[in-house]
Amino acid sequence: MKHFIAFFLLLQGLSTLGCTYSGEPQKPNATIPYPQQDMVWNFESSPFWFDEFDYQGLPDSSKWSYDIGGNGWGNNELQYYTDDKKNVVVSDGILSINAIKEEHEGKNYTSTRLVSKFKGDLLYGRVEVRAKVPAGRGTWPAIWMLPTDWEYGGWPSSGEIDIMEHVGYDINKIHISTHSEAHCWRIGTGRTSTKVIENATTEFHLYRIDWTPYAIKGYIDDVHIFTSINEGTGYKSWPFDKRFHLILNVAIGGDWGGQQGVDDAIFPVSMEVDYVRFFKLISK
């Protein structure tokens with residue numbers, strides 16, 4: 001999602017991704033690429049990292065942090081992200097990320113961008129998020145992952161995994177994608193699959209990826225709809241051999257979400273999350 005986020009944050013030296021960054025990340029020493037094989041990988045049956053949201057109040061601080069700010073996030077987004085309880089709260093077993101129409105720090109909307117960085121990081125495995133997305137023109141909710149360490153350089157060199165994206169003007173169409181230096185939407189080589197889920201904004205659905213050394217496969221309600229294969233040509237096509245962290249957010253407007261404007265009559269709107277679970281890959 002937010003395709004230029006990493007690039008802008010790194011150049012500005014911002015600390016909003018959960019740590020203080022100093023200096024441009026360096027590309028690693030070249031390694032000899034090799035083709036991968038599908039080993040018919042399996043995953044542990046019990047999650048090793050999870051949040052069932054079976055408590056009340058703000059999200060568990062041992063598992064989640066926040067990206068704070070209103071700098072547009074590389075996509076000309078219109079919201080200011082906060083850690084305020086009005087924008088993010090756990091109640092009755094559900095996490096709600098609430099986008100609100102209000103003036104704050106020079107922006108006309110507030111929302112939350114919740115991140116598991118340094119508290120829930122993953123290299124290979126299964127990620128499951130059961131969620132319901134908001135309706136309304138101008139909304140741009142996402143369940144996605146960014147690299148924790150940016151070892152291959154700024155976006156898109158270190159990669160991005162989009163488990164679920166939805167834009168409100170194109171209701172119920174769910175997108176699953178990966179981005180890398182060689183496979184990127186801005187050079188016409190992006191890897192994306194879409195599926196219309198008729199009740200995506202009114203009912204919960206299970207969004208999942210199975211991430212192995214061979215491929216990242218995306219599923220909705222356990223139906224396989226997306227595959228991004230490791231070609232064995234190196235990090236430019238496959239930077240997905242480093243740890244990533246999860247992001248849950250609702251953006252407003254922006255280069256994609258705002259293509260048909262924002263309907264101010266919809267607010268407040270919420271993305272609701274029933275649970276998040278990470279499962280370890282069983283080694284072959």
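Q: What makes Met 145 and Ile 161 a facing pair in this predicted model?
A: Happy to start there: in this predicted model, Met 145 stands opposite Ile 161, a residue of strand 11.

Q: How do you know that strand 10 and strand 11 pair, and which way do they run?
A: Pairing needs at least two bridges between the strands. Strand 10 and strand 11 are joined by 4 bridges, so they pair, and their direction is antiparallel.

Q: What is the bridge partner of Ile 161 in strand 12?
A: In strand 12 that partner is Thr 178. Strand 11 and strand 12 are joined by 4 bridges and run antiparallel. With at least two bridges as the cut-off, they therefore count as a pair too.

Q: Why is Asn 172 called buried?
A: Its relative accessible area is 8%. The cut-off for buried is under 20%, so Asn 172 qualifies. You will find Asn 172 in the loop between strand 11 and strand 12 (173–179). Its phi is near 75°, a positive value in a residue other than glycine.

Q: Why is Asp 221 called partly exposed?
A: Asp 221 has a relative accessible area of 33%. Buried would need under 20% and exposed over 50%, so Asp 221 falls in between. Asp 221 sits in the loop between strand 15 (215–220) and strand 16 (223–229), and has a positive phi of about 50° although it is not a glycine.

Q: How do you know that the peptide bond from Trp 155 to Pro 156 is cis?
A: Omega is the angle to look at, and for this bond omega is near 5°. Pro 156 belongs to the loop between strand 10 (139–147) and strand 11 (160–165).

Q: Which residues does the other cis peptide bond, with omega about 0°, join?
A: That bond joins Phe 267 and Pro 268. Pro 268 lies in the loop between strand 17 (244–252) and strand 18 (269–279).

Q: How many cavities of 30 Å³ or more does the structure hold?
A: There is 1, and about 30 Å³ of space lies in the largest cavity.

Q: What makes up the lining of the largest cavity, by class?
A: The lining has 3 nonpolar, 1 polar and 4 charged residues. Among the lining residues are Pro 147, Trp 150 and Tyr 152, which count as nonpolar because Pro, Trp and Tyr belong to that class. Asp 149, Glu 151, Lys 242 and Arg 243 also line this cavity, and they count as charged because of their residue types. Ser 158 is part of the lining too, and is therefore polar by class.

Notes: Residues are numbered from 1 along each chain as its sequence is written. This is a predicted model: local features need pLDDT of at least 70, side-chain atom pairs count only at pLDDT 80 or more; totals for chains, interfaces and linings use all residues. Side-chain values use heavy atoms; hydrogens and water are left out. Buried means under 20% relative accessible area, exposed over 50%, partly exposed in between (1.4 Å probe, protein chains only). On a 1 Å grid over the protein atoms alone, a cavity is a set of points where a 1.4 Å probe fits but cannot get out, and a pocket is an open set with protein on both sides within 12 Å along at least five of seven lines; lining residues have an atom within 4 Å of a point. Grid points are joined across faces, edges and corners, and a volume is the space filled by probe spheres set on the points.
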